[in-house]
Amino acid sequence: MSQAKVPAWVSVGLIPLLNILLAFLVSGLVFLAIGEDPIEAAGYLVYGAFGYDEGIGYTLYYATNLIFTGLAVSVAFKAGLFNIGGEGQAYIGGLGVGLLCLWFDSSLPLLVIAPLAIIGGALFGAAWAYIPAYLQARRGSHIVITTIMFNFIASSLMVYLMVNWLKAEGVMSPISRTFEESAWLPYMHDIFAPFGFDIGDSPLNLAFVLALLCCVFYWALVWHTRWGYQLRTVGTNPTAAQYAGIDNAKVTIWVMLISGGLAGLVGVNEIMGVNHNLLLNFTAGYGFAGIAVALMGRNHPIGIVLAAMLFGALYQGGAELSFEIPTITPEIVVVIQGLVILFSGALENMFKGKIEGLFLRKAAA
Amino acid sequence: MFETLILILDATLRVSTPLILAALAGLFSERSGIVDIGLEGKMLAGAFAAAAAAAVFGSAWIGLLFAIAASVSLALIHGFACITHRGDHIVSGVAINTIVAGLTVTLGLDWFDQGGQTPSLTGDARFTPITFPFADQLADVPVIGLIYSELLSGHNILVYLAFAMVPLTYWIVFKTRFGLRLRAVGENPHAVDTAGISVALVRYRAVIICGILCGLAGAYLSTAHNAGFLKDMSAGKGYMALAALIFGKWRPIPVLCACLLFGFLDALAVRLQGVSLPGIGEVPVQAIEVLPYVLTVLLLAGFIGKAVGPKAIGKPYVKERA
């Protein structure tokens, strides 16, 4: 069965769409199972996510995190690696951002702190990805297992640091002191206000622009540099890459550094943009959600932005939904997320053979 | 001092039990070539199903059956994706973990209206400790009495079952025909196929066994170790079992040792909370909690021995056609 004869719209459009529809169909069944009308629920979801200014702001704020982690998972996928450690890398990235903000917030202006913190977050995230990457590249230990272990190590490390070193004085819960306002990334509604636009108060901040810039960076890097070509070659056929003189181990390490760096930028949005202090568990599963985003976005920046918006809408809409129908928890969004991973990831071949066969037979006739 | 040690070891047995069951579950799956990072999800689903059914029917045994049913269905989904449709094992595992994390809370809230928890279980709805004969009478005998009555006696049936599963697993995997085939499909599926044995069938059997054991582990969490289901109650134990499986190099007895070691570290961390040790000072609890993961990474990196998994692990088997 040759791939070439199947029309492109079938393999990049129809089949993925079918998989996602199936995921939503099963999600609908879950709603039915708990005795709720899926259509009504979908109405609340859509209204909550896009129906009013604040809702859109929240949707985009969630999407910001998901773009970062989606790109992180995706760039590793491109090189044939599975970075399941986005959660830990984002966590440590946030630590980097937080530390820089705590050190410089009273001495430097935002224009200096912001780039420093962005670089710091990316570096911390990258550093956390470096060890699993090194072990995979040079010592042959499986990156999936090591990144899982590093998620747990990151989590313990953060608890230790927060409880013993970074906790603000006179507070019971493990949170750091609040940064001075010079280390707050400006909110979008504050940026738009002087121009007379009222977009409603939401946590949406400048990190969203950073996320979009990262998409451009990703696109340019993967498809328009020599290095991106190497990366894709390693991902498609590592043996061929090696014969072509590409140092697979080096590519593995670099890809993971970029992947970890992208995941680390979640910290910019969460720590600098919204919470304005260091705290525990701010990553809230975005690292894992990034896997769904990358799979659904077909590892392309435009797809990732769209998928991140969809999941962002689900997060925000889910909150609205549980407010309207108290018997539904926002956790139902996690179920939908899991079903998307199942149908567009693990079961992606389910229809592929049949549908492609159909088109091939039609082409032959 | 001796008594403290016994108490820590006693706690170790209790904490290790779900790890042992889940790690053996992973052993069956991974020996057959199916990577399973969905141990966590299956365990959580088992815990929820057990607690929910036990709350409704008032029997821990019925809960156990439901736990196994829930966990096996997830295992079959994993098998369907990985064996039948040659999907990515890791993606499928992540999907299962994610679905279960959301679904248990969603269904829990709908069924019991207690914020995603199940009602707390009492009496027959829980597995209760089994006291060995003469345990109470022997309790005062020095050394042996304490070991017998405190350490060995007084656990629930699932603890003993978990430990009994270790030699049983060894026997199945290394001494039976099924075990030979199981190991063969994980190492060289083509050879098994050539011998006229269905690779898919052997792998499906393996994931079903994996499902049963994860169901037991889940039921232990919610109906034996605790009295009811709590959100995310597996709390990474599935991943720790995976670490133990690798640490034990995919062999039953070393896996048991790894589980006991990890369980011991866990029990120790609880004991050492806020305790100042002479000469060392206060050991941060997190430093002990993190040891299993650090040790596994070191092992994987080849710094302490070498962990080599089954050769065909994670690779879909495509039957060649002439």
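Residues 89-109 of chain B are 100% helix and 0% strand, with 31 Å between the end C-alpha atoms. The model is a predicted one.

Annotated regions
- An unreviewed UniProt entry gives the annotation "transmembrane region" to residues 7-28, 48-77, 89-109, 157-174 and 253-270 of chain B.
- One of these stretches, residues 253-270, is 100% helix and 0% strand in the model.

Contact with chain A
- In chain B, 36 residues are in contact with 38 residues of chain A.
- Four helices of chain B each supply at least two residues to the side that touches chain A: α4 (89-112), α11 (237-247), α13 (285-289) and α14 (291-300).
- Helix α4(B) gives the most to this side, with 15 residues.
- Sorted by class, the side of chain B that touches chain A has 21 nonpolar, 11 polar and four charged residues.

The residue B:Y220
- B:Y220 is part of helix α10 of chain B, which spans residues 199-225.
- B:Y220 counts as buried because 30 other C-beta atoms lie within 10 Å, and the cut-off for buried is 20 or more.
- Leaving out residues up to four places away in sequence, B:Y220 touches B:T17, B:P18, B:L21, B:L158 and B:H225.
- B:M43 is 177 residues from B:Y220 in sequence, yet their C-alpha atoms are 9.4 Å apart in space.

Notes:
Residues are numbered from 1 along each chain as its sequence is written. Chains are lettered from A and ligands numbered from 1 in the order in which they are written. This is a predicted model: local features need pLDDT of at least 70, side-chain atom pairs count only at pLDDT 80 or more; totals for chains, interfaces and linings use all residues. UniProt positions are given in the numbering used here, feature names are shortened, and annotations may be inferred rather than shown by experiment. Two residues are in contact if their C-beta atoms, placed from the backbone, lie within 7 Å. Ala, Val, Leu, Ile, Met, Phe, Trp, Tyr, Cys and Pro count as nonpolar, Asp, Glu, Lys and Arg as charged, and the others, Gly among them, as polar. A residue is buried if 20 or more other C-beta atoms lie within 10 Å of its own, exposed if 12 or fewer, and partly exposed in between; C-beta atoms are placed from the backbone.
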